[in-house]
Amino acid sequence: TGTVAGNWASAAVNALGDNPPPGWLFNWDKALTIQFDVDRYFPGIATTRYAYMHLSTGTPYQDLANTDHGFAIRINRNGLVLTAESANGTTTSSASMGTVPISTFTRYKIVWTPGSKVEYYVNDSLAATITTSLPSGLIGSVSLSGGVRTPDTENMVLYIHRVVFAQDWD
């Protein structure tokens, strides 16, 4: 599903699939890996622009809030800084992932180990690990999404070539 309005654009899918059976819940207690293959990121010139890649209950084009459950990678145009985020419904944690390789193919990967840690990779190199504010349990609505947000009308482009989502089901 894609959405464009005002100063943001996003695309999202239900992490349980297109038409999950009634009553299906997303299980944070199962290991998972999410990979976003980004062809190019053109951030424009404004300093307050963001791009996001999420698996969460939150709004696809915003930072994770304390009430959200999930993981995110945020690209901040100001300094081209990458930030890893995790939220458990009560608190959020974040960690620096370094700077963004722009205008080139980049692979971003999130690897979740339930109850232990979430690891964030850039081009298959570990960039950050978060061990606090980790989601757990079952929840009804989780989206896998990517999006961009800017406070003005200048173009900002995030080309997501492929998204791979794999979760243990046993």
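Is Tyr 108 buried or exposed, and at what relative accessibility? At 1% relative accessibility, Tyr 108 counts as buried, where buried means under 20% relative accessible area, exposed means over 50%, and partly exposed is in between, with a 1.4 Å probe and protein chains only.

Before I go on, please keep in mind that this is a predicted model, in which local features need pLDDT of at least 70 and side-chain atom pairs count only at pLDDT 80 or more, while totals for chains, interfaces and linings use all residues. Residues are numbered from 1 along each chain as its sequence is written, and side-chain values use heavy atoms, with hydrogens and water left out.

Tyr 108 is found in strand S9, and strands here are DSSP runs of E with at least two residues, numbered from the N terminus. In sequence Tyr 108 and Asp 124 are 16 residues apart, yet from C-alpha to C-alpha the separation in space is 7.7 Å.

Let me turn to the aromatic rings. The structure holds one aromatic pair, and rings of Phe, Tyr and Trp (for Trp, the six-membered ring) pair if their centres lie within 6.5 Å, with planes under 30 degrees apart counted as stacked, over 60 as edge-to-face and the rest as tilted. The ring centres of Phe 71 and Trp 112 are 5.0 Å apart and the planes stand at 45°, so this pair is tilted. The pair links distant parts of the chain, since Phe 71 belongs to strand S6 and Trp 112 to strand S9 (residues 106-113), 41 residues apart. Both Phe 71 and Trp 112 are buried.

Finally, I come to His 69, which has its place in strand S6 (residues 69-76) and, at 17% relative accessibility, counts as buried. Leaving aside neighbours within four places in sequence, His 69 is in contact with several residues, among them Trp 28, Leu 55, Ala 87 and Pro 135, contact meaning heavy atoms within 4.5 Å. For His 69 and Ala 87, 18 residues apart along the chain, the C-alpha atoms are separated by 4.9 Å.

Conventions. Helix = DSSP H or I, 4+ residues; strand = E, 2+ residues; numbered from the N terminus.
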